[in-house]
Structure formats: structure tokens, C-alpha cells
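Student: Can you walk me through a structure? I'd like to start with how its parts touch.

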Amino acid sequence: MTAMPDVLPEIETVATNEKPWRLIVWNDPVNLMSYVSYVFRSYFGFSKEKAEQLMLQVHHDGFCMVRSGSREAIESDVQAMHGFGLNATMTQGA
Amino acid sequence: MAKAFKYGAHGITGTIHAPERKLLRELFNDVILMLEDRAEVHQLPEDIDPLYALTGMRPESMDLPAVADPALARLLPDASEDPVVAAEHRRLTEADLITTKIGQLREAQFLMETDKIVLKKDNAQRFAQALNDVRLVLSERLEIRNEDDAARVSEVLDAAEVQSPDEYLALVYNLVSWIQETLINALMDAEL
């Protein structure tokens, strides 16, 4: 058996004040409402009701902020949305 | 005429007959060719650091050119209104996105071999994504820019009344939309 060293290396933590990034999905006249709703449900795991509500927000307001997070997370969300053919962009919160 | 996709004991099933399958195969192929064309832009020069060639990464100094064809831009849109963020995202992810899309479209082409199509949820979703890419490209050719344009195109439903190439294109767009809609409904049912 091996013993753990008495002194654990100090873990450096870097405080980040980076503002979160936001995922915006834009309305377009091509993507079917049912499809947008399906994508929200299947990719983000939203409930049927929440997916429907976000889809309607996109439809009526022209866009919707779907979620926010680290740059890496939102980058991969945008890529996934483009994979589905949805018009999505990322922006850093003010 | 195609039969709507439904969710049942055998998974998601639908019927698409030979003339429609031939048409869809050609449409999937057109989109694949557009994407393959763009993939050529991604080729790195031969004298580059082999590490880049090995990882498939692009050096920071080599941003990709903008997408000139508006139909292709629908498939590979900018990831941000900030041009610097958009260029970086494109440099890091566009090659993967192209590969994913071509894979989905090829898979959809292979599905067009038999009348009856039986799908599991995963295949059905990728088929829906391929159909959506076809719709995006057709919508650009049909100049669907707003809800009014979409409504105008959706009125073309009777093949007997089609007179112009644009009307024919609208008819094709509506067929693809209809197939996609029934597929999504079946996927929604499967989700429960």
C-alpha cells in the first residue's frame, strides 16, 4: 500500500469574470415549427412544453436565447444547431 | 404517392415510391456535391507543419474564405454576428460540420433503395436532418425569404397545374417538406 503524501499540491484556482456566452436561435421561414420543437426536445432534453414554448418564442419574436454557458459549451451548441440546419449564433452577454 | 411516416411496433415506417426516391437521391447528391466542393477549400498546403496535417486543425493564421453561394451559406451559416468569433468558429468546426452533413446525406441516399423505409429513432433523426438540408438549399433557389414567400410556395401542390421550372421546384420543396413533417411527427410519437 502506498501512503498519500502529507502535503497535497496546492491547487491553483483562477477566478474567471468572463461573462457567459449565449446561444441564440433565429427564426427563418424554412424550418418547420415541429422540427424546431423536436430539436429543442431531443438535443437539449427540454420537456415537450418547454420546447414548444421556446419554439413559439423564436417564431413570434424572431429569435430566442435558448441557454447560456461557457464559451466552449455554447460553441458546441451552435455547431450542433447548424448540424440540424437551424440558424443559431453565439454572443457574449453584456 | 408517398405514405406518411408513422411510429409503431416496428419502429418508424413510411413508404416512398420509385419516382420520388429517384428524385430524392438526386437532391441528396446535389447537396453532397456542394459540400464536397466547399471541403476542397479546407485543403492545407503540403509544406505545412505535419502536426496540422495529422490533427486536421487549421493554423490560426489561416481563416477560411467566406461562403459565397447563399444556398451553401444556409448549410454552413456564420456562428456569430461578431466576424472574429464567426471566423474562428468556422476555422475550428466547419470541416466537422461538412463531414457530419455529408454522412447524413449519404445515409439518406442509401435509404432510397426500397419502397418501404423502416427506421430506428437515431436513423430517423439523421434522415430528418438530411431532408432539412435539402429544404434549406431548395428554399434559397426558390427565394423563400419570409413567411409570405413560404405561403406562396406552399400553394403549389398540383403537379397537373405546374407550368414553370420554379413551380416544379416548389412542388418538389413541398413534397420534401411533407415527408419531413410526417417523419418529425413520428419521431415525436417515438419520444413519448
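Tutor: We will take the contact between the chains, then the cavity. This is a predicted model, where local features need pLDDT of at least 70, side-chain atom pairs count only at pLDDT 80 or more, and totals for chains, interfaces and linings use all residues. Residues are numbered from 1 along each chain as its sequence is written, chains are lettered from A and ligands numbered from 1 in the order in which they are written, and side-chain values use heavy atoms, with hydrogens and water left out.

Student: How many salt bridges between chain A and chain B?

Tutor: Two, a salt bridge being a side-chain nitrogen of Lys or Arg within 4 Å of a carboxyl oxygen of Asp or Glu. Asp28(A) and Arg74(B) form a salt bridge through their side chains, at 3.5 Å, N to O.

Student: Switching topic, how many cavities of 30 Å³ or more?

Tutor: One. On a 1 Å grid over the protein atoms alone, a cavity is a set of points where a 1.4 Å probe fits but cannot get out, and lining residues have an atom within 4 Å of a point. Grid points are joined across faces, edges and corners, and a volume is the space filled by probe spheres set on the points. The largest cavity holds about 90 Å³.

Student: Which residues line the largest cavity?

Tutor: Among them are Gln79(A), His82(A), His89(B) and Arg90(B).

Technical notes
On a 1 Å grid over the protein atoms alone, a cavity is a set of points where a 1.4 Å probe fits but cannot get out, and a pocket is an open set with protein on both sides within 12 Å along at least five of seven lines; lining residues have an atom within 4 Å of a point.
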